Each structure stands twice: as structure tokens, then as C-alpha cells.
Amino acid sequence: MMYPYYRTLVEDIATAINGEYSAVQCYKKLARLAPNEAERNQIKEIRKDEKMHLQAFQTIYTQLTGQQLSPQVTEECPDDYRAAIDFAFRDEQETVDFYLDIADQTQDPSIKETFKRAAADEQNHAVWFLYFLTKRR
């Protein structure tokens, strides 16, 4: 996913909200496709983190704009488990940098910390998805 250079903080937060919403939907599907209970449970934990990010980002968006954003799925999750894990891994990795960019855009310490924490969570998620991918080889 490429992000335009001329974006604003509010636009980036809206993109982040849609990304988290898309991940929540994808990981619901992924949990159903998981080949065993251990992977299913880990995916559910990751999904729980994504829901927390979504809620936090929506709160920030509302504070900044006075409006609520109705999130939309912006990327479809593959139906095949391995393809979906690969998709999730790549998305999580790209999201780390995006969230760090958002943190760098703002002087607000609360927003900065929220996005830095989310970036750390995304990196952790990427490691789990990479682990699941390497187990499949």
C-alpha cells in the first residue's frame, strides 16, 4: 500500500482506521481458517489488539475533527489460509512504518504515544505471521 506524500494527519488517521477495520475483518476470517487451536488463539489475540487500535484511532479522529468516521474495508483478505497469512504479514510490516510516520507528524504526546505503541504491536503481529508462514514450508 502506497501513501501519498502530501497527506495530512487527519487523512492518515482515517487511513489507519480503515486499515485496522480491514485487519479486524480479515483476522476473523483467518481465525476460522487456522489449521489448529494454537494458531487460531494467537490470531484472535492479534485481532483483539487490532480492535483496541481501531477504538483508539477512532477516538483520536473524533477529538481532532468533531466527527465520527464510519470505517470501511479497504483491502480484501484472501480466502486461502497461507495467502491470507502472507497478506497479513506484509500488511503488518508496512503498517509499522506508516504508524511511526504518523507519530512523527504530531506534537501531541498522547497521539504520538498511541501510534508508537500501535507500531510496536504491529511489529509483534508481523513476527507471529512470519512464524506461521515459516511453519508452512
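Rings of Phe, Tyr and Trp (for Trp, its six-membered ring) are taken to pair if their centres lie within 6.5 Å, and the planes of a pair count as stacked under 30 degrees apart, as edge-to-face over 60 and as tilted for the rest. Under that definition, ring pairs link Tyr27, Trp128, Phe129, Tyr131 and Phe132 into a cluster, and the structure holds nine aromatic pairs. This is a predicted model, in which local features need pLDDT of at least 70 and side-chain atom pairs count only at pLDDT 80 or more, while totals for chains, interfaces and linings use all residues. Residues are numbered from 1 along each chain as its sequence is written, and side-chain values use heavy atoms, with hydrogens and water left out.

**Aromatic pairs**

- Phe57 and Tyr99 form an edge-to-face pair, with 5.2 Å centre to centre and 85° between the planes.
- Phe57 lies in helix H2 and Tyr99 in helix H3 (residues 81-105), so this pair ties together parts that are 42 residues apart in sequence; helices here are DSSP runs (H or I, at least four residues), numbered from the N terminus.
- Both Phe57 and Tyr99 are buried, where buried means under 20% relative accessible area, as against exposed over 50% and partly exposed in between (1.4 Å probe, protein chains only).
- Tyr99 also forms a tilted pair with Phe98, at 6.1 Å centre to centre and 40° between the planes, and both Phe98 and Tyr99 are buried.

**Helices H1 and H2**

- The axes of H1 (residues 9-33) and H2 (residues 37-65) come within 8 Å and cross at roughly 155°, the axes being lines fitted to C-alpha atoms over the stretch in contact, with angles that run from 0 to 180 degrees between N-to-C directions.
- H1 and H2 are therefore roughly antiparallel to each other, a term that applies to angles over 145 degrees, whereas those under 35 count as roughly parallel, 65 to 115 as roughly perpendicular and the rest as oblique.
- The residues of the contact of H1 with H2 divide into 19 nonpolar (Ala, Val, Leu, Ile, Met, Phe, Trp, Tyr, Cys and Pro), seven charged (Asp, Glu, Lys and Arg) and three polar (the others, Gly among them).

**Disulfide**

- A disulfide, counted as a pair of cysteine sulfur atoms within 2.5 Å, joins Cys26 to Cys77, with S to S 2.0 Å, and the count comes to one disulfide.
- Cys26 lies in helix H1 and Cys77 in the loop between H2 and H3, so the link ties together parts that are 51 residues apart in sequence.
- The link of Cys26 and Cys77 is right-handed, with 45° about the S-S bond, and both cysteines, Cys26 and Cys77, are buried.

Conventions
Helices (H or I, at least four residues) and strands (E, at least two) are DSSP runs, numbered from the N terminus.
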